[in-house]
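Q: I have a new model open and would like to learn how to read it. Can we walk through it together?

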Amino acid sequence: MKSNRSIRAFTRQEIKTVYRVMAMRRDMRHFLPDPLDDALLARLLGAAHMAPSVGLMQPWRFIRIREPKLRVSIHTLVESERVKTAQALAEREDEFMRLKVEGILECAELLVVALANNREAHIFGRRTMPEMDLASVACAIQNLWLAARAENVGMGWVSLFDPEALRLLIHMPEGSRVVAVLCMGYVAAFYQSPMLEEANWAHRLELNDLVQTDYWRDENATPGSFYAASVKG
Ligand SMILES: Cc1cc2nc3c(=O)[nH]c(=O)nc-3n(C[C@H](O)[C@H](O)[C@H](O)COP(=O)(O)O)c2cc1C
């Protein structure tokens, strides 16, 4: 193993930028029609492919949707699931139907992200937790999301669809599985805060309530102190 002493430390500015990109990343659902350049898209997919994965499995596959009629079919699948989700939400049905939950028809690029087939051959890190393949794909999507934000490109993660219907629609093999539909493109402005917060649908929890030490504690018992202590310390 080589020592990392020769590795240049990141500057304060570079560190700040990393945190800033994370803070300013947003799930976007409004897009401008301007196309994304192929080289830019290749850079973003390169960022996704840099992600960590269980046993270096790299289970991610990216399908770029170019046929307009396929895009419309994907939108139809999402629309059908949106209605079913609204019905399942019962008393929040109308409120949900007013939310904008995708930008499939407007965005410059539409990507389907999937888990490859034959994943059972990968056992390292998955014997007791096979879902680590899905966790790995989520890491790739987050890399893509952050790289896109750094490049001033908006991205929206859509998960409202029947994954089996989408798998069949785009001729994915049996055993593979759709994870996400990603809308990507330039935007007029990034939302200041999550759109679901702006619409009063949900709010970010307090970090202090989510961090515990040693043992899981009853949520109604004494509040956590890790974050407050770290900030003070
Ligand atoms: C796994 C996953 C699936 C999501 N699916 C959808 C979706 O189907 N439609 C949608 O509008 N937003 C979706 N989102 C975006 C979330 O609503 C969004 O990340 C959250 O409200 C916080 O907002 P922010 O990403 O702007 O910080 C998804 C996000 C994740 C991580």
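**Reading the model**

Q: What am I looking at, and how is it numbered?
A: This is a predicted model, where local features need pLDDT of at least 70, side-chain atom pairs count only at pLDDT 80 or more, and totals for chains, interfaces and linings use all residues. Residues are numbered from 1 along each chain as its sequence is written.

Q: How far apart do the C-alpha centres of domain 1 and domain 2 lie?
A: They lie 32 Å apart. Domain 1 covers 27-197 and domain 2 covers 203-233, with bounds from an automatic or database domain assignment.

Q: How many helices and strands are there in the protein chain?
A: Eight helices and four strands, taken as DSSP runs (helices H or I, at least four residues; strands E, at least two) numbered from the N terminus.

Q: How do I read a helix pair?
A: Two packed helices are described by the angle between their axes and the distance between the axes. Here H2 (residues 38-49) and H5 (residues 132-150) pack at about 140°, axes 7 Å apart. Axes are lines fitted to C-alpha atoms, for helices over the stretch in contact, and angles run from 0 to 180 degrees between N-to-C directions. H2 and H5 are therefore oblique to each other (under 35 degrees is roughly parallel, over 145 roughly antiparallel, 65 to 115 roughly perpendicular, the rest oblique).

Q: Which residues of H2 make the contact?
A: Arg 43, Leu 44, Ala 47, Ala 48 and His 49, where contact puts C-beta atoms, placed from the backbone, within 7 Å.

Note on methods. Contact = placed C-beta atoms within 7 Å.
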